[in-house]
Amino acid sequence: MSNSSIKTPDQKLRVFISSTINELAEERRIAREAISRLSLIPVLFEMGARPYAPRDLYQAYLDQSQIFVGIYWKSYGWIAPDMEISGLEDEYRLSRNKPSLIYIKRTNEPRDPALEKLIREMESTGSVSYQKFSAPEELSEFLLNDLAVLLSESFENQNTNRQITNSLNSHLPVIRQNLIGREEEIKLLSELIEKQSGLVTITGPGGTGKTSLALMAGKNLERKFRDGAHFIEFASVTDPELIPATIARTIGLFDSGKQAIEETLIENLRDKNALLIFDNLEQLLKDTKFIFDILNHCPNITILATSRSPLHLRYEQVFPLLPLQIPQAGEKIALADAITFPSVKLFIDRAQKINPALALNEVNVSAITRICERLDGLPLAIELAAARSRLFSPPQLLDRMGNSLNLLNQGARDLPARQKTLYATIDWSYNLLDPDAQVYFRRLSVFINGWTTSAANAVCKTNNDVDAMDFMEQLLDFGLIRMQIPSGDPLAELRFEMLQTVKEFATMKLQENLEKVQIDKNHLSYYCQYVTGLAPKVWTSDAAPWLDAFERDHQNITQAFNTAVEKKDNASIWMIIASLGPLWIYRGHISEAVDWIGRSGMTIPLVIEKANSGEINIHSCGVALLSTGAMYYYAGKYPLAIDYLKASTSLLEKTDDTDKLAWSILYTGLTGLSLGDFSAVALIKEGIRIGKESNDMLCYISSQAFYTEVLMAQDLLTEALTLIDEVEALAERTGGGMGMAIAQFQKSNLLYNTCDFEKAAEGYERTIQLFIKMNFHSTMGWACISFGNCLTMLHRYEEALEKLTKGLTLGRESGDKGMIILALTTIAANFAAQGQKTKAVMIMQAIDHLSDVYPGFNGWGANRKSAEHIQEIFKNANILNDIMDKSGKIISLDEAIAIAFS
């Protein structure tokens, strides 16, 4: 059926309404009326006798609509005989390229499981506007407002000629609640950021809404910056030295460990045009040098910070954020005037979301006005008070609040009045909890960046056998915790978190009740077991959700490690290091790994002593040494790696774990070869033998694949190709995944060495796709450079430059100078082959002085042959003498990189 077979009466903007027909009949009517009020055309599919199949019909309606509105309640809808999903879900999926507005009707009854799964997916994407409503009238108000905003944004975007590119993968958290009473502040702050190239700091006491204002300004200005806007949370960071790593991790930089993360980050941001939102900097005010370094070296980076006090940096423009406007104390005010005050409007908005039946009569509005006065207009305090509207009327709230605030008004004298008021508000909520829920609440403060119910049950357990969810439902009702919107896997276990101010209060209560030492111990114990369970799942075919889980709990794992270091708990320290090795490798947190090892106090003699004395399990000691050696290997610290790996082998030989022993021997052999010691070939052979006997297929496959490099270095290409074919077949039989990626990469290297560039190029492309599918970071840059090199040999220069610059970008982001050198060298060869001799000479002269900084893979295998090919290109271009001529000006590495991207 043709998409043009169904027409609307005119050419006005069409809004498609998707919902179940009978269940939401009233809501469909309300939506139709709201859309018509804006002079738009509502498009609704109604089942009935039609000459076309239902799916053809609603797909045609969707194709001719510009906006999608989805309204959902309890039912998942009808599934046609030839469909696997309902028409309701199909309409949503067919509309993914359109602006979408999603509305979920609240219910106390269970939803259809398929609909619940679909809603969680919508929540997790962050790509659609998403609101909940209780009554049809509320839906009408939301729809009118959202359509008006959507239309204004659409016109603004159409009038913008600037091309937007987000090379830093721009991302801001989704703003789920409308920001009430801050319209003027948003406008002024946005204008200030646009005028002020540098640093703008939003200051104000806790609870004023600094973070919300920063996010809203970021959303408004995101498209003004070529590389987008990025939100970096520092609430859990107390050490200023961790600022660079926190920024790098948040914006997605891969850390190879080859240089300081500060250098990597500055190099990466130097030529970017982006807005960085630094949230909760107050605990880092003693040392803000790195923030100054960013401003000093990255001219097109703008920083928007939130802090309770100014940062006192040279480029800083302070934007004080005051509480919301409230009526004058004791002033009599009419109902119509009272509800126009921002603080009162905020209370009413949040209270009616919880209790839609809340009446706005004289008695209630008068009480709400006085509540807002008592809370000094602090948004957080107002929201916490409004959360009680499910249990109490406004006069009852006022009565109870009055007693509590009077009691707690005599807090610490050096605290500002508003902070005392906020403390009182939280304390009042705390006192409304059941005693066991109070225990759970204060114990939950041990978590950083949220927790799951499993973690809460293990860490915060009380004497009563009650599930964590029972307590958390009570805490959710009182607004003391909130649910996190899941990212990544929509089926991941639900997570919860505390607002930072509430967390500070809960931590204080935990210390007052002398529970912190035990809860820290529980937290450490849980996350030791947690990472131990994660490690074996990393190399499996379904590793993605486990890697996402690692990232979500990264800050909790960090806190557990810091607790172990503080207590000098070597057993826990080494257990964490042993378990995190595969995760660090997979996600590229190599500098972090090296830093943790340095802070751990681990030495080879100490580990050997503890193992031999039986104080710590000999296997745990051996695996910790293996993980440490592997991290030093990836960081290019080969002498240290050799020492730790040899010590690891000596311990693991005394255990039954032949899997880990094989890996220890394999890494020792690879490290030896990286140092030019070809006697290490015997170790790789030994790794092959033990890996096969232990049935560790990944180790066996990896050992054999790396052994082909040895054969390649000896020009035994026929033997190497025969072996790699066997390895590839074995990897496919045993499930593919990482083994297949390693085999494919090594086979491509071999094919390159035989000058079969067509097949090598196909292999490199498959390798990159496997890495992307597995979200594997560590070797992606090398694969891109090898692919680009191969394409250069095929004279496919534009394609080659695309891959080479991608490899160069990954090298810069990770700080891996070896990757940068190889990428630039091959780019120079590409330029030379195309007759751009000046560019080639300038790049090669710039990197010549860096050639000795990366000793890896000294002349073996693929790198040697690649160097021969590149040398031949320079020779044919007749520029070898020009490259060696150092009499003129030599450009910097940054300038060479700029030429490579030109």
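Modeller: Let's start with the salt bridge: a side-chain nitrogen of Lys or Arg within 4 Å of a carboxyl oxygen of Asp or Glu. Here, aspartate 725 makes one with lysine 747, and their closest N and O atoms are 3.1 Å apart. The two sit in distant parts of the chain, 22 residues apart: aspartate 725 in helix H32 (residues 717–733) and lysine 747 in helix H33 (residues 737–753). Helices are DSSP runs of H or I with at least four residues, strands are runs of E with at least two, and both are numbered from the N terminus.

Biologist: Before I go on, what am I looking at?

Modeller: This is a predicted model, where local features need pLDDT of at least 70 and side-chain atom pairs count only at pLDDT 80 or more, while totals for chains, interfaces and linings use all residues. Residues are numbered from 1 along each chain as its sequence is written, and side-chain values use heavy atoms, with hydrogens and water left out.

Biologist: How many salt bridges does a search of the whole structure find?

Modeller: It finds 35. One of them joins aspartate 427 and lysine 509, at 3.5 Å from N to O. Aspartate 427 lies in helix H16 (residues 417–431) and lysine 509 in helix H20 (residues 500–512), so the pair ties together parts 82 residues apart in sequence.

Biologist: Is aspartate 427 buried or exposed?

Modeller: The general idea: buried means under 20% relative accessible area, exposed over 50%, and partly exposed in between (1.4 Å probe, protein chains only). Aspartate 427 is buried, with a relative accessible area of 6%, and lysine 509 counts as buried too, at 12%. Back in the opening pair, lysine 747 is buried at 18%, whereas aspartate 725 is partly exposed at 38%.

Biologist: And what about a charge with no salt bridge, like glutamate 91?

Modeller: For charges, Lys and Arg count as positive, Asp and Glu as negative, and His and the chain ends are not counted. Glutamate 91, in helix H3 (residues 87–94), is buried, and its nearest side chain of opposite charge, arginine 28, is 6.8 Å away.

Biologist: Which residues is glutamate 91 in contact with, leaving aside neighbours within four places in sequence?

Modeller: Contact means heavy atoms within 4.5 Å. On that basis glutamate 91 touches Phe16, Ser18, Phe45, Tyr58, Leu62 and Phe68.

Biologist: What share of the whole chain is buried?

Modeller: Buried residues make up 55% of the 902 residues, in a chain with 41 helices and 13 strands. Of the contacts between residues at least 6 apart in sequence, 73% join residues at least 24 apart.
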